[in-house]
Amino acid sequence: MKGEVPFFSVIMPVYNRCELLKRAMESVLIQDFENWELLIVDDCSADGTFDVANEYQLKDKRIKVLRHNKNLGAAAARNTAILEARGIWCSFLDSDNEMKPGYLIECYNSLVGEPEETGIFWTGMEKVRHFKNGGSETSGSVWTPEIQHSEEKTVHFLTNLRIGTGTALNVRTALLKKAGLFDASLRAAEDTDLMYRLIQISGYKYSPKILFRYHAQHGDRLTKDFKNQTEAYLKIHKKHAQLLNKYPKLEIHVLKKILRYAVFSNDTQTFKDHYKILKSKFGGNAKLKLLYFLNGFLGNKSAVAVYEKMSLYRKA
């Protein structure tokens, strides 16, 4: 209906994704729930991405394409879309991922009538790993945090965080704006930084149904950028110092993130400086110390491979 407020504003940043963009847009168009708007922000692509998006905009009035005059990064692109959003909820969809059939109606049925303090929602996710040889591997999962009360909720949620803008995340628009949108200075972990702010003012809910498809490409340009991850968690450690001081387990978690990514990006000084902090405040960590020496002895790529095979990444 003309003038109807959409329930969902689908937020899609895109940069040089000409070949994959159609798949993502089509996954929205096939949804049986129709009260949505799709906001696509082209972050100054140079490969014809804007033309592909514009073709769809001309065919469906629910689609709006915005364009940056220079490349500002994914966080800034999402913010541009959010500021244009009319929907009650912002549903995040990266341009290389897909909504499976029935995704939006499941989100709607789970969220309609929820109190305004419920501001975070996600569903189960199908992860497709694409390998260099052309093969792929598919697995499904859903993050199910169990602690949902008072202070325990905040620490448990943030130290076990398994959701983000690429993994079936929906956020109530009013609370998203209240939390302050994404930090556009971050080139990684911008969704994690947002969650540190959002969980303090919002409740959460999830559906166990696997209705979202996440594609992990070989040599993914974002998730493998350890330098950007290091810089991002350094900023998170500084920005959220008050929260981290209140919850020591949370500060330990952030320091470990900094130390792992510092080793992976060969940032020796950052590792030394922040290991001193970890040791002086919390007694250090033998596994991270081992990782540091493995990196020096075996080299970066071999150290990362050994570390992951030893399953230390999630346990350290």
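Where in the chain is Asn266 found? In this predicted model, Asn266 belongs to the loop that joins helix H10 (248–264) to helix H11 (268–282).

## Residues with positive phi

Asn266 has a phi near 60°, a positive value in a residue other than glycine. Its relative accessible area of 46% places Asn266 in the partly exposed class.

Asn16 also has a positive phi, of about 50°, although Asn16 is not a glycine. This residue occupies the loop between strand E1 (8–14) and helix H1 (18–29). Asn16 is partly exposed, at 29% relative accessibility.

Helix H1 has 12 residues, which at 1.5 Å a residue should span 16 Å. The end C-alpha atoms of H1 are 18 Å apart, in agreement with that expectation.

Which residues of H1 are buried? They are Leu21, Ala24, Met25, Ser27 and Val28. Viewed down the axis of H1, the buried residues fall within an arc of 155°, so they line one face of the helix. An α-helix has 3.6 residues a turn, so residues three or four places apart point the same way. The partners against which the buried residues of H1 pack are E1, E2, helix H2 (49–59) and strand E5 (98–99).

## Salt bridges

How many salt bridges does the structure hold? The count is 17. One of them joins the side chains of Glu37 and Arg86, with an N to O distance of 3.5 Å. Glu37 lies in strand E2 (residues 36–42), and Arg86 in the loop between helix H3 (74–84) and strand E4 (89–92), so this pair ties together parts that are 49 residues apart in sequence. Glu37 is buried, with a relative accessible area of 6%, whereas Arg86 is partly exposed at 46%.

A salt bridge is also formed by Asp42 and Arg67, whose closest N and O atoms are 3.5 Å apart. Here too distant parts of the chain are linked: Asp42 is in strand E2 and Arg67 in strand E3 (residues 63–67), 25 residues apart. Asp42 counts as buried at 1% relative accessibility, while Arg67, with a relative accessible area of 47%, is partly exposed.

In the salt bridge between Lys239 and Asp193, the closest N and O atoms are 3.0 Å apart. Lys239 belongs to helix H8 (residues 226–239) and Asp193 to helix H7 (residues 190–198), so the pair ties together parts that are 46 residues apart in sequence. Lys239 is partly exposed, at 41% relative accessibility; Asp193 is buried, with a relative accessible area of 0%. Elsewhere, salt bridges with shared partners join Arg23, Glu98, Lys100, Glu126 and Arg213 into one network.

## Aromatic pairs and cluster

The structure contains 20 aromatic pairs. In one of them, the ring centres of Trp143 and Phe157 are 5.2 Å apart and the planes stand at 55°, so the pair is tilted. Trp143 lies in the loop between strand E7 (136–141) and helix H5 (150–159), and Phe157 in helix H5, so the pair ties together parts that are 14 residues apart in sequence. Both Trp143 and Phe157 are buried.

Phe157 also pairs with Tyr204: the ring centres are 5.1 Å apart and the planes at 35°, so this pair is likewise tilted. Phe157 in helix H5 and Tyr204 in strand E9 (residues 203–216) are 47 residues apart, and their pairing links distant parts of the chain. The relative accessibility of Phe157 is 0%, which counts as buried; Tyr204 is buried as well, at 7%. Trp143, Phe157 and Tyr204 are among the members of one aromatic cluster, which also includes Trp122 and Tyr206.

## Charges over aromatic rings

Note on methods:
Residues numbered from 1 in each chain as written. Predicted model: local features only at pLDDT ≥ 70, side-chain atom pairs only at ≥ 80, totals over all residues. Heavy atoms only, no water. Salt bridge = Lys/Arg side-chain N within 4 Å of Asp/Glu carboxyl O. Helix = DSSP H or I, 4+ residues; strand = E, 2+ residues; numbered from the N terminus. Buried < 20%, exposed > 50% of the residue type's maximum accessible area, 1.4 Å probe, protein only. Phe/Tyr/Trp six-rings, centres within 6.5 Å; stacked < 30°, edge-to-face > 60°. Expected span 1.5 Å × (residues − 1). Arc of directions from axis to C-beta. Contact = heavy atoms within 4.5 Å.
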